[in-house]
Amino acid sequence: QVQLVESGGGLVQAGGSLRLSCAASGSIFSINFMGWYRQTPGSQRELVAATTSGGSPNYGDSVKGRFTISRDNAKNTVYLQMNSLKSEDTAVYYCNVLLRLKYDSAWTNYWGQGTQVTVSS
């Protein structure tokens, strides 16, 4: 019923930039939370950045001042602009969305398939 399609990952040198996108499609009535998490092998998934409808964005401490999250509500899309990338930003990045479907009163959490970001030093 809902599909999250991520794009924009890849290989970049340290100090460079990448922009991730995550587009939600399907029978969507409303989206509240939209966020990005990342995970490296052997580690827990951690919050990178998040935004709620009408709220201020929230960032993980390690990315504050370098990453910016934004959303286009008309397109049901969330973006993550990543600047001044470091080797420690290397991870699989996952999109996470909390939304309501049409004809359903429940809020449901969805995850994207993940996109690899590799920063070479």
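One disulfide is counted in this predicted model. The bond joins cysteine 22 and cysteine 95, with the sulfur atoms 2.1 Å apart. The structure also holds four salt bridges, and one aromatic pair is counted.

**Disulfide**
- The torsion about the S-S bond of cysteine 22 and cysteine 95 is about -80°, so the disulfide is left-handed.
- Cysteine 22 belongs to strand S3 (residues 18–26) and cysteine 95 to strand S9 (residues 91–101), so the link ties together parts 73 residues apart in sequence.
- Cysteine 22 is buried, at a relative accessible area of 0%, and cysteine 95 is buried with a value of 0%.

**Salt bridges**
- Aspartate 61 and lysine 64 meet through their side chains at 3.1 Å, N to O; aspartate 61 is exposed at 65% relative accessible area, while lysine 64 is partly exposed at 49%.
- Arginine 38 bridges to glutamate 46, with 2.7 Å between the closest N and O atoms. Arginine 38 is buried at 5% relative accessible area, whereas glutamate 46 is partly exposed at 36%.
- Aspartate 89 and arginine 66 form a salt bridge at 2.7 Å, N to O. Aspartate 89 sits in the loop between strands S8 (77–82) and S9, and arginine 66 in the loop between strands S6 (58–59) and S7 (67–72), so this pair ties together parts 23 residues apart in sequence.
- Both aspartate 89 and arginine 66 are buried.
- Through shared partners, salt bridges join Arg38, Glu46, Arg66 and Asp89 into one network.

**Charges over rings**
- Arginine 19 lies over the face of tyrosine 79, 4.1 Å from the ring centre.
- Arginine 45 places its charged end over the ring of tryptophan 111, at 4.6 Å from the centre.

Methods:
Residues numbered from 1 in each chain as written. Predicted model: local features only at pLDDT ≥ 70, side-chain atom pairs only at ≥ 80, totals over all residues. Heavy atoms only, no water. Disulfide = S-S within 2.5 Å. Helix = DSSP H or I, 4+ residues; strand = E, 2+ residues; numbered from the N terminus. Buried < 20%, exposed > 50% of the residue type's maximum accessible area, 1.4 Å probe, protein only. Phe/Tyr/Trp six-rings, centres within 6.5 Å; stacked < 30°, edge-to-face > 60°. Lys NZ or Arg CZ within 6 Å of the ring centre and 35° of its normal.
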